[in-house]
Amino acid sequence: MTLDYELPSERELDTVDINVNVGPQHPATHGVFRMVLTIDGEEVVDVDPVIGYMHRGAEKLSENCDYRQCIGYQDRSEYLAQFNAEHCFVMAVEKLAGLEVPERAEYIRIILAELNRIASHLMFVGAFGTDIGVFGTSFMYAFRDRETIQDFFEEITGERMMYAYFRPGGLAWDVPDDFEERCQQVLQAVNGGIKDLEDLLLDNEVVLARCRGISPIKPEEAINWGLTGPMLRATGLKHDLRRAEPYSIYDRFQFDIPTGIQGDIYDRLTVRIAEMRESVRIVEQALDQLPAGPIMAEGMKRILRVPPGEVYMRAENPRGEYGVYIVSKGADKPYRLKIRSSCFSNLSALRNMAVGYYVADAIIILGSLDIVLCEVDR
Amino acid sequence: MIADSLRFIFQNDNAWVDALVRMGIIAALIPLAVIVLTYLERKVIGRFQMRLGPMRVGPYGTLQGVADTVKLLTKEDLRPQTADRWTFELAPFVVVVPVFLAFVTLPFTADLFVRNLELGLFFILAVSGVSIVGFLMAGWGSDNKYALLGGVRAAAQLISYAIPFVLSVLAVAMVGQSLNLVELVDGQDKVPYIAWQPLAFFIFVIAGLAELYRQPFDIPVAESEVVGGPFVEYSGIRWSLFQMAEYLNLVLISVLGSLIFLGGWNWPGGNEVGPALQVFLIVVKASGFILFFMWMRVSMPRLRIDQLMAFCWQVLLPLAFLQIIINGLVLVYGWPDWTLGVLSGIAALAAVYITYRGAHRAGVPSPRLRRARGAV
């Protein structure tokens with residue numbers, strides 16, 4: 001017996017791709033980000049990222065603020081790594097104004113910035129676990145230790161999020177007396193927390209099956225797309241601004257640059273976890289060498305007037321290369337301030353990375369970029 | 001007077017009154033079990049995540065379930081304007097009624113059941129399969145793309161995993177030579193069937209987890225992808241019906257597993273026990289399953305839909321057939337019982353190894369579309 005008709009193949013059937021709006025209000029978008037997915041069944045045909053929901057005009061607003069007030073906008077744009085953003089900004093101002101920062105202030109800045117890097121990566125690992133479907137466990141683990149770090153920052157600066165503690169020329173005020181002791185406690189807690197997260201996620205069979213080999217990036221592609229930070233290092237390229245062009249006093253510390261193998265999601269996860277361990281090493285060394293002394297440059301006036309000129313300062317932030325470009329006309333306010341956002345560049349590669357994978361993959365690819373929408377939109 | 005009426009209710013020969021009383025007991029216990037389980041799940045998950053869980057309502061938060069129920073009952077029953085009205089409104093009932101029906105023949109002790117059907121096992125499996133239609137109805141009727149995606153995912157997943165699930169249960173029925181649940185449990189008075197059928201148990205637990213759409217198989221309701229899937233547009237009482245069906249399914253699969261694999265109300269070794277101890281034993285064994293499912297929920301990420309389907313059709317289904325072939329050989333040639341356990345045990349170890357290696361294999365095949373575009 002033979003069939004006297006042809007079965008319709010999948011291509012002949014009339015199918016339509018559908019648009020699915022992921023965001024701006026969606027649990028997986030980490031802020032107010034909109035991702036219009038065009039999907040064919042479960043496969044992603046096109047991704048259209050829509051940004052701008054968090055735009056507050058931080059760069060324009062900064063033109064009307066004096067240099068001390070600008071620091072607040074750095075906190076608010078990079079709200080998960082505030083100290084790192086402040087550090088980059090004050091270094092730019094100091095470079096332009098020719099200020100000499102005291103040793104003690106430099107060391108305290110490094111300690112706080114590295115602790116903030118740990119806090120930011122903890123946030124990433126926790127949120128990534130939620131994206132990939134752990135029922136909040138990774139989030140709770142990560143937040144336990146992030147909380148100890150934030151408590152520590154609160155003791156120093158009086159704020160939990162918007163620190164505004166670094167100032168051009170030094171620090172706003174000196175750290176409390178029990179700084180070193182408390183810092184050791186925080187490090188101990190963080191070390192345990194990193195191990196818990198590693199045990200929970202890294203060897204889990206489902207995590208391996210979901211993350212390995214998904215959206216691999218070659219180093220040359222990463223450079224073409226302008227990826228920086230852990231996204232770039234996950235491809236295997238050993239590029240870290242703290243080592244490539246050491247700013248502040250990073251040349252005094254021993255630390256490794258963790259890299260991945262093929263730039264897939266698993267590498268992005270492991271690189272960030274390894275970076276936390278390196279940050280702990282840096283903080284330990286800095287604590288050992290922490291000198292006494294002043295915390296503010298000498299001869300600072302009440303109002304800082306920066307000589308005319310322009311400067312670009314870049315720093316290795318948890319999410320990548322954070323740059324601040326300042327044009328000064330000699331006033332107490334910047335004539336123009338431009339922020340080079342690492343998240344914005346990383347996010348621009350989303351389409352190239354996500355098209356052709358499944359919907360569930362697109363979600364964790366977005367998660368693995370570790371974006372902060374306030375920094376993208378500024 | 002009271003004693004007389006109690007005797008009339010519990011000890012009478014009228015089949016109708018008897019059935020009504022039994023149904024009354026089960027119907028009263030089931031919502032209670034749901035309330036207890038929601039509380040328990042929140043507490044257990046809280047402990048796993050270094051939290052306390054609910055603590056505010058009542059001592060240690062024990063009245064949280066009551067507060068939630070009142071809240072859900074008094075919430076507005078919303079329906080999207082563009083939704084397909086009857087499909088949307090009927091879907092929760094299509095999901096929850098089959099689960100209730102399955103409880104008709106589920107025995108909790110040697111005497112506590114509504115009706116002991118000769119084809120009880122078959123009845124439970126057949127009836128609980130109807131729920132899938134409800135998920136599709138909810139997904140389609142909501143007129144929401146997340147819901148549609150979730151509904152289609154639910155249909156694909158639940159239908160696929162129903163097959164290894166049924167086959168693993170069938171393997172036990174072959175060994176027990178019966179489809180009557182009470183007879184199956186009586187057959188385990190010396191040794192529970194898990195000793196003879198470890199492979200079927202392995203398949204039962206995994207396929208059961210998938211039938212419950214809990215982590216790592218919560219793909220239809222994935223919070224970070226389809227935001228609750230088919231349930232995204234539901235609120236109030238209709239949403240709580242879905243929730244109720246989920247917890248009832250949890251009870252159903254846990255009790256079924258403890259009945260057919262762990263010896264039900266039998267004390268291991270085969271001593272006769274009274275009704276109170278029987279209830280205790282079945283609760284302990286079912287709680288083992290329930291706690292395992294909760295543990296999985298907090299520690300496992302979610303699989304992807306293609307990995308899920310591949311695991312079902314390429315791993316679980318052949319293994320389920322293997323178990324049935326082993327059983328068939330042993331039964332036909334009349335080999336001693338222990339060969340059943342040894343063969344099935346070896347196969348179960350192989351199954352664990354296959355699963356482990358599959359997950360640790362470096363790299364994954366890329367989807368069709370990406371290969372077609374030459375991107376990889």
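Visitor: Say a nonpolar core is a set of buried Ala, Val, Leu, Ile, Met, Phe, Trp, Tyr and Cys residues joined through C-beta atoms within 7 Å; which residues touch the most other members of the largest one?
Guide: A:Ala362, B:Ile203 and B:Leu252, out of 223 residues. Helix 4 (residues 103-132) of chain A gives the largest share of this core, 16 residues. This is a predicted model, where local features need pLDDT of at least 70, side-chain atom pairs count only at pLDDT 80 or more, and totals for chains, interfaces and linings use all residues. Residues are numbered from 1 along each chain as its sequence is written, with chains lettered from A and ligands numbered from 1 in the order written.

Visitor: What does B:Ile203 touch, leaving out residues up to four places away in sequence?
Guide: B:Pro164, B:Ser168, B:Leu316, B:Leu319 and B:Ala320, a contact being C-beta atoms, placed from the backbone, within 7 Å.

Visitor: How many residues does each chain put into the contact?
Guide: Chain B gives 36 and chain A gives 33. Among the elements of chain B with two or more residues there are helix 2 (15-48) and helix 14 (305-333); helices are DSSP runs (H or I) of at least four residues, strands (E) of at least two, numbered from the N terminus.

Visitor: New topic: B:Lys190, buried or exposed?
Guide: Exposed, because 12 other C-beta atoms lie within 10 Å (exposed is 12 or fewer, buried 20 or more, partly exposed in between). B:Lys190 sits in the loop between helix 8 (181-186) and helix 9 (193-196) of chain B.

Visitor: And the sheet in chain A, what is the strand order?
Guide: 1-2-3, open and antiparallel; strands pair if DSSP finds at least two bridges between them. Strand 2 (residues 34-40) and strand 3 of chain A pair over seven bridges.

How values were computed:
Two residues are in contact if their C-beta atoms, placed from the backbone, lie within 7 Å. A nonpolar core is a set of buried Ala, Val, Leu, Ile, Met, Phe, Trp, Tyr and Cys residues joined through C-beta atoms within 7 Å.
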